[in-house]
Amino acid sequence: MKTLALFSILLTSFFVSTFAYTRDVYRGNQVLRVSIETKDDLKWLLELEKQTGGNLDFWGSFVRQRPVDIMVSRDFVGEFRAKLEERHLLYQVVKLDVQEDVDNVHSRSKRNSDGGQADTITSFQDFDYSVYHTYDEIQNWIRDAASEYNFVKNFSLGTTYEGRDIGALEISAPPGPSATSPKPIVYFEGGLHAREWIAPATILYFTAKLLREYANGDADARQALSMFDFHIVPTVNCDGYVFTWTNERLWRKSRKPNPVYGCVGTDLNRNFDQFWGGTGYGSSPWPCSPVFRGNSAFDNSETRAIDDHFRSLNASNRATKVFIDWHNWHQMILAPWSYKSGDLPPESEDQIAAATVMANAMTAKNNVWEGYKAGIASDLMYEMAGSSNDYGFVGTPNAKYSYLIELRDRGQYAFLIPEEQIQPSGEESYDGVIALLKWIINNDY
């Protein structure tokens with residue numbers, strides 16, 4: 001496919017022009033940075049979240065020895081501050097009006113200033129990696145990539161709850177003389193959390209660079225693609241992603257309803273079967289929680305599609321070596337375990353060694369402020385059960401090198417990373433991927 005359909009152009013223009021529908025969704029909401037002193041404080045906050053019916057939205061995961069950012073609805077701000085003060089928890093207001101941040105970031109967008117970029121995209125080579133793209137544009141990018149390179153094909157991972165196609169790429173270049181047959185798979189996915197736009201944008205950027213560098217004869221790209229096949233899914237939670245463009249920019253979950261409770265969505269990164277429903281603080285059985293784990297593992301179409309894909313690969317004797325789920329923010333490369341602390345698997349030493357090389361390369365590329373940190377997920381954060389990196393490691397993929405990567409930043413923009421950071425994020429992630437794969441080739445292929 002070399003041109004975008006007229007429908008996609010019109011739909012994209014509609015999305016861009018109607019982004020104003022979200023103008024007052026977050027008006028008056030504030031983000032408070034709360035210092036958590038004890039696990040009892042964390043339990044208290046989580047119970048308060050449940051009691052207050054969605055007035056609290058925890059931004060990011062709970063990071064040990066760091067305060068937690070919480071978006072508080074405008075109607076609950078005063079009461080919440082009073083409760084924090086009563087419990088003697090220190091806090092600061094880091095965003096006085098969340099909607100102002102949404103509006104400011106959107107107003108700076110190149111798309112907003114020129115009325116949209118979709119009508120200028122006529123081929124894979126014309127794609128603009130310096131702006132955020134709609135669901136339809138991402139799916140067209142997938143098809144265009146397959147048309148551009150004869151060793152790339154597109155396929156469908158499955159369909160979402162609302163019936164959208166979860167588009168994916170398989171990159172399978174000719175094997176090198178040292179490659180195993182069949183080549184092991186490197187799997188990348190993004191967009192499990194709908195509001196984390198920088199993750200799909202980063203995946204698009206570094207994938208395009210990998211293909212371009214390979215075509216240009218770059219030694220690193222040639223080595224990576226000669227030793228591994230890549231399966232790339234830029235955005236899994238397609239329904240939620242579309243919803244962030246049309247309704248609520250900061251929507252996190254899937255769009256599957258929870259009818260008894262009158263709320264919508266599951267946290268797809270708590271819905272995997274490995275250790276699902278455990279005792280970690282980072283997942284919830286309450287359907288209206290932003291970290292609702294679902295009523296059972298894989299009870300959402302999107303996570304079921306992921307697992308079905310790996311079951312199909314296993315049935316064809318295709319081994320997965322690397323599984324990475326891309327997110328933001330916090331700048332971390334998180335290895336198993338997520339669901340518990342301590343009692344690490346024998347593979348942990350290699351996992352951390354490879355992740356550290358990756359983190360160092362990502363930090364060095366643009367001298368990233370505070371840098372990327374590699375470590376055990378449950379040590380750097382609090383426990384969360386049913387997560388992607390545990391699933392990737394001991395679930396159906398059975399990938400030794402399974403990580404959850406948190407991209408930029410450390411809290412200044414959080415989920416509202418401006419477009420001018422897409423390219424730097426893509427550059428450092430590309431260098432990180434190359435460094436990771438080189439380490440595996442040299443130490444554990």
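Predicted model: local features only at pLDDT ≥ 70, side-chain atom pairs only at ≥ 80, totals over all residues.
**View 1. Glu-406, an annotated residue in a strand.** The unreviewed UniProt entry gives Glu-406 the annotation "active site". Look for Glu-406 in strand S14, which covers residues 401-407. Is Glu-406 buried or exposed? Glu-406 is buried, because its relative accessible area is 6% and the cut-off for buried is under 20%. Follow the side chain of Glu-406 and you will come to the backbone nitrogen of Trp-329, at 3.2 Å.

**View 2. The largest pocket and its lining.** Here you can look into about 540 Å³ of space, the volume of the largest pocket. Its lining is made up of 23 residues. Which of them lie nearest the centre of the largest pocket? They are Gly-54, Asp-57, Glu-248, Trp-251 and Pro-290. Strand S2 (56-59), strand S3 (68-72) and strand S10 (263-264) are the elements that each give two or more residues to this lining. Sorted by class, the lining of the largest pocket holds eleven nonpolar, seven polar and five charged residues.

**View 3. The second largest pocket.** This pocket holds about 270 Å³ of space. Around the second largest pocket you will find 15 lining residues. Nearest its centre lie Leu-46, Tyr-281, Ser-283, Ser-284 and Pro-285. How many residues of each class line the second largest pocket? There are five nonpolar, five polar and five charged ones.

View 4. Helix H8 runs over residues 219-227. Now move along the helix: the buried residues in H8 are Ala-221, Ala-224, Leu-225, Ser-226 and Met-227. When you trace an α-helix, remember that residues three or four places apart point the same way, because there are 3.6 residues a turn.

**View 5. Thr-266, a buried loop residue.** Thr-266 sits in the loop between strand S10 and helix H10 (301-315). Thr-266 counts as buried because its relative accessibility is 1%. Which residues is Thr-266 in contact with, leaving aside its neighbours within four places in sequence? Its partners are Lys-253, Ser-254, Asn-271, Phe-292, Arg-293, Gly-294 and Asn-300.

Note on methods
Residues numbered from 1 in each chain as written. Heavy atoms only, no water. UniProt positions renumbered as here; feature names shortened; annotations may be inferred. Helix = DSSP H or I, 4+ residues; strand = E, 2+ residues; numbered from the N terminus. Buried < 20%, exposed > 50% of the residue type's maximum accessible area, 1.4 Å probe, protein only. Polar contact = N/O pair within 3.5 Å; in protein donor to acceptor, adjacent residues only side chain to side chain. 1 Å grid on protein atoms, 1.4 Å probe; cavity = no way out; pocket = protein on both sides within 12 Å on 5 of 7 lines; lining within 4 Å. Points joined across faces, edges and corners; volume = space filled by probe spheres on them. Nonpolar A, V, L, I, M, F, W, Y, C, P; charged D, E, K, R; others polar. Contact = heavy atoms within 4.5 Å.
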